[in-house]
Amino acid sequence: MRKIKIILFLLLLFLKMAAFAQSHLIPDNLKCELRTNPEGVDIANPGLSYQLNSKSDVEKNLSQTAYQILVSKTSDFKSSGILWDSKKVMSDRMAFIKYAGKPLASGITYWWKIRVWDGKGTVSAWSKPATWTMGLLHAADWEAKWITANGAERYAHSYKTIKKDFNIKNNIAEMRQYMPNATEANYSSMLLRKQFQTKPGIQSAVLHISGLGQYECTLNGVAINKSILSPGWSDYKKTVLYDTYDITRLLKGQNVLGVILGNSLYNIQPDSVRYVKFLNTYGPLKMIAMLTITYNDGTKQTIGTDNSWQVSPGPITYSNYYGGEDFDKRLDPDGWDKPDFNPQKAWDKAIETISPGGKLTGLSAAAAPIRKIAYLNPVAVKHLKPDVMVYDLGQNASIMPEIRVKGEPGAVVRIIPSELLYPDGTVDRRSATQDGVRPAWWQYTIGSTSSESWFPKFFYQGGRYLQVEIFPAPGKTTLPVIEMIKGVVVHGSAEPIGTFSCSNQLFNRIYTLVRWAQRSNMMSIMTDCPQREKLGWLEQYHLNGPSLRYNFDLSLMFRKIMNDMADSQLPNGLVPNIAPEYFYAAENINNGFRNSPEWGSSFIIVPWQQYLFSGDVVLLNRYYSQMKRYVAFLDSTTKDNILYTGLGDWYDIGPKPAWGSQLTPVSFTATAIFYYDCQIMSRIAGILGKTEDAALYKQKELAVKTAFNKMFFDPVKVSYSTSSNTTLAIPLFFNLADSQYRKKISENLVADIRKAGNSFTSGEVGYRFLLEALATEGYSNVIYDMNNQTDKPGYGYQLKMGATALTEKWDAGVGDFGSQNHFMSGQINEWFFQHLIGISPDETGPGFRKFTIKPAFLKTLDWVKGSYKSISGNIKCEWKREQGKLTIDVTIPINTEATLYLPTDKLGMGNFQNKAEGVKFLGEKSGVFSLRVASGTYHFTINEK
């Protein structure tokens, strides 16, 4: 009997210990709508995501079998505050889990946490709580009016939209007719303020605000928005972005909300002196804001924009997206945004005005905010004259200057940026303006005799050099003194998620060269260049999609870009080459500068790449009908399934200076992309359960393939079209070539490159397909040789010519001064990650739940290492070669699996066929064997042949 009691006691103790046993899994990195603790979520059922870590660094094959999510309106998660308890959900899903609780309310902050069950059925501890704050879900929730100042419309040329390019000299006279002839206050910028009082016992205070074109908002003199150039740029007739801020801790008894507005892309004014690419306006400066204060007793106080706000011209006397920004400290009312402000001159009342037309939209269509990212201190300064000096920042980047100056009131400091210098040391702006003449600058007018610091608010520019010109105050001779100057690198704050390095230092420099160009154009859209155009040309989004995604978490950027493209789509279905379409590159929709399938097809390819890299089906669902309309438009313009409109292989290397497509027919690239669109749409339709559409697109895909091969393929030569690099690579990449011909086409392509001294001819459109075709066919060694040189047009040549960011043209624009900061040909970074490190997505497990690690173990490299923080966790791969051995170290995130490809050992398959924890042998083919690898860190050693 005693033995039975002891057994029962031990059994109960075991069960009790099992009940309290806890999984080693740790849910963390909680995100709502792909953001950490976001403010301004304007989706009724937001998507929740997280990653998994472990308390143990050595455990392998860890997985999730279930999850439970709690969402609460209070931070203590008491039962009375729970809005959603998902209960235990049997699923291994970690991303885009839709909130399914009680209806969410506008402007409220919610808390959420999660726990998971592992493969043994053991539950984890609860994660640390995360939050999200709602934006305004309905237009009726806005208890505010759009406001502006009386007379501000004079600085918006009567609301007229002039989508015309004014970048050539003979248009300057014509431009003057649009210049404002104002006799009232200068509303190049605008100050608005609202004073209000609160009572004790504030529970929460949430501000929603949009200021157009750009705004900076303060509360009691302290900036609320840590970002700059807010809100994001959009087609303001379709979408107006607003921001949300929880300012609970900033409020006092007496308070003042202060806002300064400037122009940006919303209102581009004419100028006959400074550079302006085109004119465009959506109306005068205006803003809308609503602050909701909730007290502990349940009462609420709402402060919305109306005619009780005060308004005054701002100290920014010139504000132009292309021309620059002038700030006069003498016009900056001291303390204007603080409660004790005593104005020397009475401020006017704001007037209520109309909306620009677009839907007020929060985070659902917003990219990561633009912020100050880094500082560039001058590496050299050259004094050309007593009043002219040129500072070299050492790096071409998207910058805004920060200065500290001292002088007499009225003295002026002018800062002209450039990418290049003339032989005499002055700034050369020929790469920054298409007419090569007109300048752009920042200008600061000193307001006192004390040292003054200044950082601009609304104008950025791409450049490396700053030419500083100083002027004495009127009637004075003493020049102001520059006490400090630096370049502030500004761009989108998307998280850096990729690392790459290898034993070839030229490749490391190329990687950095491309990455700087990516950074410099990462604003609230991906611009083509940060100096001359600063526009969203669409081809770069898909051609550089993987190269961008491996380096930065740009899921939010691409969500915004899709909204921009949808807003720009014409009634006939065309997606023009630029989005937002602020100006017409050509008014005729049959002109390739407005209608090129290689550009507009980003509308199809971007959401597909988003799905592969993140598993995000939001874009596929949200824009499916409009994507169908675009493909239908392309189909309607074909003749026998061949397209004839487009720009072709833009900027390929031909006998003439780079322009257009010299070696590849326009119809070739246009039709190939149309084929790819149909292929993708068939897959998307299948994912969305639209089986009839999937079949129709598959049918069209095959019809286009047949027409393409009939028109362009020569079976005798086993070649396509003109036999250019691009016409041989594209059929391989898109699988347009029949399998029986692939080997010979590849050989012809390689032979052409070798014959040219390992030089290529592909332009911006064809280069990605050239790299991928060569790599996929096993010719990464050819890619290595193409890029491991500095004497022919390419990355190495650009570095040799002194470039510090990727340039627009393969020859660095020598002689014709192309842009010195373009990311459009940066596809080499995809090869670095996908083929040298070897990490690539697997369509059967999107979002890197399943992925491939297949490095190209080139004999010309001693080592390669890199990492990629996917939405499912951090993936690492490092390989090196020494003393006849090849060692490979890989890290597979929890709850994911990889297919790893390795060369066979000279001793045979050896240990790789043996069973090991987390590793499964899949097979061997042509000297390469494959393994299925579960989560964990692994080390492999191979004796090379």
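Predicted model: local features only at pLDDT ≥ 70, side-chain atom pairs only at ≥ 80, totals over all residues.
## Cavities

The model contains 3 cavities of 30 Å³ or more.

Two helices, α15 (780–787) and α16 (795–800), each contribute at least two residues to the lining of the largest cavity. The largest share comes from α16, with 3 residues. By class, the lining of the largest cavity comprises 5 nonpolar, 6 polar and 1 charged residues.

## The second largest pocket

The second largest pocket has a volume of about 910 Å³. Its lining involves 40 residues, and those nearest the centre of the pocket are Arg 35, Leu 363, Pro 369, Arg 371 and Ser 493. In this lining, 21 residues are nonpolar, 9 are polar and 10 are charged.

Elements that each supply at least two lining residues to the second largest pocket are β14 (222–223), β16 (243–246), β28 (370–376) and α6 (555–568). Of the contributions to this lining, that of β16 is the greatest, at 4 residues.

Strands of a sheet pair through backbone hydrogen bonds, in either a parallel or an antiparallel manner.

Strand β3 (residues 47–54) is joined to the antiparallel β6 by 2 bridges. Across this pairing, Leu 48 stands opposite Ile 97 in β6.

Ile 202 belongs to strand β12 (residues 202–212). Ile 202 counts as partly exposed because its relative accessibility is 24%.

Beyond its neighbours within four places in sequence, Ile 202 is in contact with Thr 248, Leu 251, Ile 293, Thr 294, Tyr 295 and Asn 296. The C-alpha atoms of Ile 202 and Gly 298 are 9.7 Å apart in space, while the two residues are 96 residues apart in sequence.

## Cysteines

The structure holds 0 disulfides. For Cys 502, the closest cysteine sulfur is that of Cys 877, at 13 Å, which is too far for a bond. Cys 502 counts as buried because its relative accessibility is 0%. Cys 32 is likewise classed as buried, with a relative accessibility of 1%.

## Backbone features

Most peptide bonds are trans, and most residues other than glycine have a negative phi. The peptide bond from Leu 212 to Gly 213 is cis, with omega near 0 degrees, and Gly 213 is situated in the loop between β12 and β13 (214–219). A cis peptide bond also links Ser 230 to Pro 231, with omega near -5 degrees. Pro 231 is in the loop between β14 and β15 (239–241).

Asn 735, although not a glycine, has a positive phi of about 60 degrees. Asn 735 is located in the loop between α12 (725–733) and α13 (739–755), and its relative accessibility of 44% makes it partly exposed. Ser 926 also has a positive phi, near 55 degrees. Ser 926 occupies the loop between β47 (919–925) and β48 (928–933). With a relative accessible area of 70%, Ser 926 is exposed.

Definitions and conventions. Residues numbered from 1 in each chain as written. Heavy atoms only, no water. 1 Å grid on protein atoms, 1.4 Å probe; cavity = no way out; pocket = protein on both sides within 12 Å on 5 of 7 lines; lining within 4 Å. Points joined across faces, edges and corners; volume = space filled by probe spheres on them. Nonpolar A, V, L, I, M, F, W, Y, C, P; charged D, E, K, R; others polar. Buried < 20%, exposed > 50% of the residue type's maximum accessible area, 1.4 Å probe, protein only. Contact = heavy atoms within 4.5 Å. Pairing = 2+ DSSP bridges. Disulfide = S-S within 2.5 Å.
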